[in-house]
Amino acid sequence: MIAFLRRRPGLLPLLLLAPAIAWLVAFYVYPAIQMLQASLWSGTLESGFAFSWANAATYPAALDRYSDQFLRSILYAAVSTVVCLVLAFPLAYTIAYRAGRFRTLLLFIVIAPFFTSFLLRVLAWKTVLGDDGFLLGPLKSIGLLPEEFRVLATPIAVIFGISYNFFPFMVLPIYVSLEKIDRRLVEAAKDLYAGPVRAFQRITLPLALPGVFAGSLLVFIPAMGDFVNAELLGSVQTRLIGNVIQSRFLVNNDYPTAAALSFMLMAGILAAVFMYARVLGTDELESGIG
Amino acid sequence: MADVDVRLVNVTKKFGDQTAVDGITLDVSDGEFFTLLGPSGCGKTTTLRMIGGFEQPTSGLIELKGEDVTFLPAHERDVNTVFQSYALFPHLTIFENVAFGLRRSGIKGDEVTSRVGEALELVQLIGYEKRKPAQLSGGQAQRVALARALVNRPAVLLLDEPLGALDLKLRKQMGIELKRIQREVSITFIYVTHDQEEAMTMSDRIAVMNKGHYEQLAGPETLYERPTTRFVASFVGASNLLEGKIGSDGESWTVTLPSGDVVRAPKSLGDIGTGGAIGVRPEKLTLLEPGQESKGNRLDGTVVDTSYLGVLTQYTVEGAGGLRLLVSEQNVDRTTRSDTWRPGERVALTWKPEHGFVVGDSKSA
């Protein structure tokens, strides 16, 4: 084997990639093909499904019927991403530059919630944010909030849940890219007459962009597909495309619509990521890393 | 004497209970190439950083062109720095790196272009404007760092071991070029290095630093010919220090070595104090056959080591009482004496008393 590879050194990278490729083929490419097939089915679970290219009409029909949920998903995911970014950047900055010996501890605290199950965390927030939970209950009883005031089952609760759950995915990449920046560059900027604000604008921020980019993707993409937060913290008015896909698949057994929606979601995310990359500029990314 | 550009008065910097800089007072004149020379940890970089505004002194005063800048932040000082690792902005082109300071001081348009062009021409990097720092060699990056600082025409340019990361040959080349550039722009340079050769070849004046203060401040020639402390004598070039009982004999200091031999040096060379010594540089010593006559100081010994270095040969000679002396001899005599001295040969070492130097009481005790 080794002698064989010595004669053909070009095969080694392929060999190293093989496990990942096999994984992707088995758990991504094959299911995707199956889904594509399912999206072109017609019929019901009882009568059986039949494949036909003519069933491509499912796509526009599904898009038309669930456009509200689609748009809501995009909106909630975008707002959550911005919320995460606004909260995570100062935090990552503080951890990277000002935390001193507490750095490791703070990083640990950021990821600590991951040690409990995702579902449990969302359920916990459901209790915390409950109409008469220990957050709102006391405030209402002393009359600070009106009796009918609620957070749970509102868009705020869903966006809050999404932001909360994906927050570490924003903090960590930004922290890493900030931490990598040579502090002497900021000193050099100050030496060249840049005040603290200018130095941040011209040096720290552009060099941290790769982290902002990675963090935004890591939050936005799963947020687009989220259904747990909407299910547990939201209401019928906050249903996201993830909830529709989930119920089409598992409740209504409407496989074709669910599969078509999944495909369109995937395409939508790809398009959004592409646009984002164009706006932020891959050039910046490369130079920030290099 | 030209105007004073930078003045430090009793500047002290403490980090916790560590004293990095211990009461430095010095004046740097306009247009001077001034060097802070010393081993790592002597406080030279901290001193430079305080002049640049990156550190605040614990006590003392820093003046720039007569103005107190002790607590003025770095970006408000008319001083620019060439950093040890260059600290070029990786996301900006060479043009934008050099233009950074100009843009911050509100200069716009054509003037930026022409001044960046001038600066890049000065460091011979025309044509590199569009590259990124990662596409440059070490020497080129160093030049960009220099251009980025000089383009602002600061009153004072600070250089923190700017040649440290380059290989030996490039270092020598850049050293010569730095000196040329300094003459051309006639800006005051304050240069920090641990390399005494670099310091000697470029500087107008050198402050030799040790443990937070400077031991001697003088021109390169004076530092070499007349070092006044043991530390300077051994840090700048090689020295033989002759320690023993100090005495006085008319116009000369005398040191009686443990072996009983007496060496002399004229009192005009400096004050030997109560704990000083007489020193002599290796190349001032002449080796003679034991029988040959000589004037001046003379010690007998045996050659214990010979190393041939091309332009010169270095000998270690052991005298009475285990005293070891370093001697270097130019290799011009090979025509008259066909061979170098060999280990084991008995020799006499001689030198003129006025060729020695006198170090005083140790300051860093």
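This is a predicted model: local features need pLDDT of at least 70, side-chain atom pairs count only at pLDDT 80 or more; totals for chains, interfaces and linings use all residues.

**A loop proline, then outward**

A: Start with B:P282: this residue is partly exposed, with 18 other C-beta atoms within 10 Å. The cut-offs: buried means 20 or more other C-beta atoms within 10 Å of the residue's own, exposed means 12 or fewer, and partly exposed is in between, with C-beta atoms placed from the backbone.

Q: Where is B:P282 found?
A: In the loop between strand 15 (277-280) and strand 16 of chain B. Strands (E, at least two residues) and helices (H or I, at least four) are DSSP runs, numbered from the N terminus.

Q: What is B:P282 in contact with, leaving aside its neighbours within four places in sequence?
A: B:A238, B:N240, B:L326, B:V327 and B:S328. Contact means that the C-beta atoms, placed from the backbone, lie within 7 Å.

Q: OK, strand 20 of chain B. Which residues are on its covered face?
A: B:V347, B:L349 and B:W351. The uncovered face of strand 20 (residues 346-351) has B:R346, B:A348 and B:T350.

Q: What is strand 20 of chain B joined to?
A: Strand 16 (residues 286-288) of chain B is joined to strand 20 by 3 bridges, antiparallel. Here B:L287 stands opposite B:L349. Strand 17 (residues 297-308) of chain B is joined to strand 20 by 6 bridges, also antiparallel. There B:T302 stands opposite B:R346. Pairing takes at least two DSSP bridges between two strands.

Q: What order do the strands have in the open sheet of 4?
A: 2-1-4-5 in chain B, with antiparallel pairing.

Q: Why is one side of strand 2 and of strand 5 left without a neighbour?
A: Because strand 2 (18-29) and strand 5 (67-68) of chain B stand at the edges, each with a single partner strand. Strand 1 (residues 4-15) and strand 4 (residues 59-64) of chain B share 5 bridges. B:V6 has B:L64 as its bridge partner in strand 4.

Q: And chain B overall?
A: Chain B has 8 helices and 21 strands. Of its 365 residues, 39% count as buried. Its C-alpha atoms fill a box of roughly 80 × 50 × 40 Å along the principal axes. Of the contacts with a separation of 6 or more, 66% come from residues 24 or more positions apart.

Q: New topic. How many residues of chain A are in contact with chain B?
A: 19 residues of chain A, against 18 residues of chain B. Helix 9 (183-191), helix 10 (196-225) and helix 14 (282-289) of chain A each supply at least two residues of the side of chain A that touches chain B.

Q: Which helix gives the most?
A: Helix 9 of chain A, with 6 residues. By class, the side of chain A that touches chain B divides into 8 nonpolar, 4 polar and 7 charged residues. Ala, Val, Leu, Ile, Met, Phe, Trp, Tyr, Cys and Pro count as nonpolar, Asp, Glu, Lys and Arg as charged, and the others, Gly among them, as polar.

Notes
Residues are numbered from 1 along each chain as its sequence is written. Chains are lettered from A and ligands numbered from 1 in the order in which they are written. Two residues are in contact if their C-beta atoms, placed from the backbone, lie within 7 Å.
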